[in-house]
Amino acid sequence: MSKRTTKVGVTGKYGTRYGSSIRKQIKKIEIMQHKKYICHFCGKDSIKRTAIGIWECKKCNKSIAGGAWSLHTQAALTVRGTIRRLRDMIVVSNPEDKIRE
């Protein structure tokens, strides 16, 4: 049997409905929400979405709160980068604090 949805992928279930640009957006979202992510606790590629915003590692059974469609939202990535940058600025200005930690 040949592959039927080479271009449209997971959005082949919608057929010709809803327009092509909306189906392309939905394809990107559905691929993100169904893929596996790397667990920060055990390091394995085994985090799957169980419900909206709830992600669970199948290996170590840890539950993580995240985005609705992806584990890390764009806002969370921005905040993490800002915190890392500010922390590095503090360490550069006060190198003695790093020794105490």
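The protein chain holds 3 helices and 4 strands, where helices (H or I, at least four residues) and strands (E, at least two) are DSSP runs numbered from the N terminus. This is a predicted model, in which local features need pLDDT of at least 70 and side-chain atom pairs count only at pLDDT 80 or more, while totals for chains, interfaces and linings use all residues. Residues are numbered from 1 along each chain as its sequence is written, and side-chain values use heavy atoms, with hydrogens and water left out.

Followed along the sequence, the elements of the protein chain come in the pattern α-β-β-β-β-α-α. The C-alpha trace spans about 65 × 30 × 25 Å along its principal axes. The radius of gyration of the protein chain is 20 Å, whereas a compact globule of 101 residues would have one near 13 Å; this radius is taken over C-alpha atoms, and the globule rule is 2.2 Å times the number of residues to the power 0.38. Of the 101 residues, 15% are buried (buried means under 20% relative accessible area, exposed over 50%, partly exposed in between, with a 1.4 Å probe and protein chains only). Contacts (heavy atoms within 4.5 Å) between residues at least 6 apart in sequence include 10% that join residues at least 24 apart.

We now turn to the sheet. The 4 strands form an open, antiparallel sheet in the order S1-S2-S3-S4; two strands pair if DSSP finds at least two bridges between them. Strand S1 (37–38) and S4 are at the edges with a single partner strand each, so one side of each has no neighbour in the sheet.

On one side, S3 runs antiparallel to strand S2 (residues 45–51), and 4 bridges join the two. Another 3 bridges join S3 to strand S4 (residues 63–65), again antiparallel. Trp 55 of S3 stands opposite Arg 49, and in S4 the bridge partner of Trp 55 is Ile 64.

In the hairpin of S3 and S4, with 5 residues between the strands, Asn 61 takes a positive phi near 60 degrees.

In a regular strand, side chains alternate between the two faces of the sheet.
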